[in-house]
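The exercises below concern contacts between and within chains. Each has a task sentence and a solution in steps.

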Amino acid sequence: MTIGVAVFPGSNCDRDVKWAAEGCLGIPTRFLWHEERDLAGVDAVVLPGGFSYGDYLRCGALARFSPLLEEVVAFAARGGPVLGICNGFQVLTELGLLPGALTRNRHLHFLCEPAELTVQPGTCRWLGGYGAGETISLPIAHGEGRYQVDDVTLHRLEQEGLVALRYRRNPNGSVGDVAGLSNPTGNVLGLMPHPERACDPLTGGLDGRRLLASLLG
Amino acid sequence: MRLAGLARFNNRDAPPVPRFHARVLVRLRPSVLDPAGEASMAAAKRLGVEGLASLRIGKAIELEIEAPDADAARSRLELLSERLLANPVIENWTLEMLDPATSTAP
């Protein structure tokens, strides 16, 4: 099992993901530079947090055109597990792997705090280690995390059980309290909170461990 | 000597490729909250500007493009607007061709 961690110019949580996977869980990782296309030997891909391509134009908008992500889209289509954290979630929506968009927080503040979340694992393979309706706490750190989608799509996502993570106290104005979404086949998960920052007892909170550990299961 | 991408340089007899000027305006859809606009509106009130009923912030993108004719330029810019400059989930866009002779903008 090797996790490929995408590295864009401006990514800043790539090393956090590496530490969480390797240092905390013993899962080997490999950095995937945004210009490379080789996913050989990679069993799962993480798109980390940060500011890919400076977040120019819109968050995640330019990353969509990187050679690496062309391969990641094909990887996801083959059922490969793909996890988008924070900026990675923004990239997944720009790519069209998940519906909707992430926009500026309701009150414009950059939020950096713990967030309580309700987990609805459904068929999401990243969330198999969590109970249905379980409450967990993960850190959030974003200025543009307000999930936005039209009412019809939101209703469909809820009906299909794809709203995998919800804020218990909505911090940013996201419609439907959406903090994370799964795709219908359950191999793609995008979320604004940072599970990789909740894997080491030293920094407090271990609720993110089961998410990455799901790859071992 | 040939220089890639410089058709005019490589063939001085070729007719000049017309260059068109355009502006794409990207606006948040009316249903999407604009916190930056609201914050600016609050600042406008503190500045003492009265009567302001609405303030929403978008983007203006100014472009120059070489194309055989205005229709070709327009269709390339429409593709660019729809696929890159705007995110149709949250934004609307309009394209203005700015050259007087070719402008068909509303």
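**Exercise 1.** Is B:Arg19 buried, partly exposed or exposed?

Solution. B:Arg19 has a relative accessible area of 45%. Buried means under 20% relative accessible area, exposed over 50% and partly exposed in between, with a 1.4 Å probe and protein chains only. B:Arg19 is therefore partly exposed.

The model is predicted: local features need pLDDT of at least 70, side-chain atom pairs count only at pLDDT 80 or more, and totals for chains, interfaces and linings use all residues. Residues are numbered from 1 along each chain as its sequence is written, chains are lettered from A and ligands numbered from 1 in the order in which they are written, and side-chain values use heavy atoms, with hydrogens and water left out.

**Exercise 2.** Which residue meets B:Arg19 in a salt bridge, and which parts of chain B does the pair tie together?

Solution. Step 1: a salt bridge needs a side-chain nitrogen of Lys or Arg within 4 Å of a carboxyl oxygen of Asp or Glu. The partner is B:Glu66, at 3.1 Å from N to O.
Step 2: B:Glu66 lies in strand S2 (residues 59-66) and B:Arg19 in strand S1 (residues 19-28) of chain B, so parts 47 residues apart in sequence are tied together. Helices (H or I, at least four residues) and strands (E, at least two) are DSSP runs, numbered from the N terminus.
Step 3: B:Glu66 is partly exposed, at 41% relative accessible area.

**Exercise 3.** Describe the interface of chain B and chain A.

Solution. Step 1: with contact taken as heavy atoms within 4.5 Å, chain B gives 15 residues and chain A gives 16 residues.
Step 2: about 1,200 Å² is buried between the two chains, 64% of it from carbon and sulfur atoms. Buried area is the accessible area (1.4 Å probe) that two parts lose on being put together, summed over both.
Step 3: the rule finds one salt bridge across this interface. B:Glu91 and A:Arg58 form a salt bridge, with the closest N and O atoms 3.7 Å apart.
Step 4: on chain B, helix H2 (35-47) and helix H3 (70-85) each supply at least two residues of the side that touches chain A.

**Exercise 4.** Which residues join B:Glu91 in one network of salt bridges that share partners?

Solution. Step 1: the relative accessible area is 8% for B:Glu91, which is buried. A:Arg58 also counts as buried, at 8% relative accessibility.
Step 2: the network joins A:Arg58, A:Arg64, A:Glu94, B:Lys59 and B:Glu91.

**Exercise 5.** How many aromatic pairs does the structure hold over all chains, and how is each classed?

Solution. Step 1: rings of Phe, Tyr and Trp (its six-membered ring) pair if their centres lie within 6.5 Å; planes under 30 degrees apart count as stacked, over 60 as edge-to-face and the rest as tilted.
Step 2: there are two aromatic pairs. A:Phe8 and A:Tyr53 are tilted, with 6.1 Å between centres and 50° between the planes.
Step 3: A:Phe8 is in the loop between strand S1 (3-7) and helix H1 (14-24) of chain A, and A:Tyr53 in the loop between strand S3 (44-47) and helix H2 (67-77), so the pair ties together parts 45 residues apart in sequence. A:Phe8 is buried, at 3%.
Step 4: A:Phe89 and A:Tyr147 are stacked, at 6.2 Å centre to centre and 10° between the planes.
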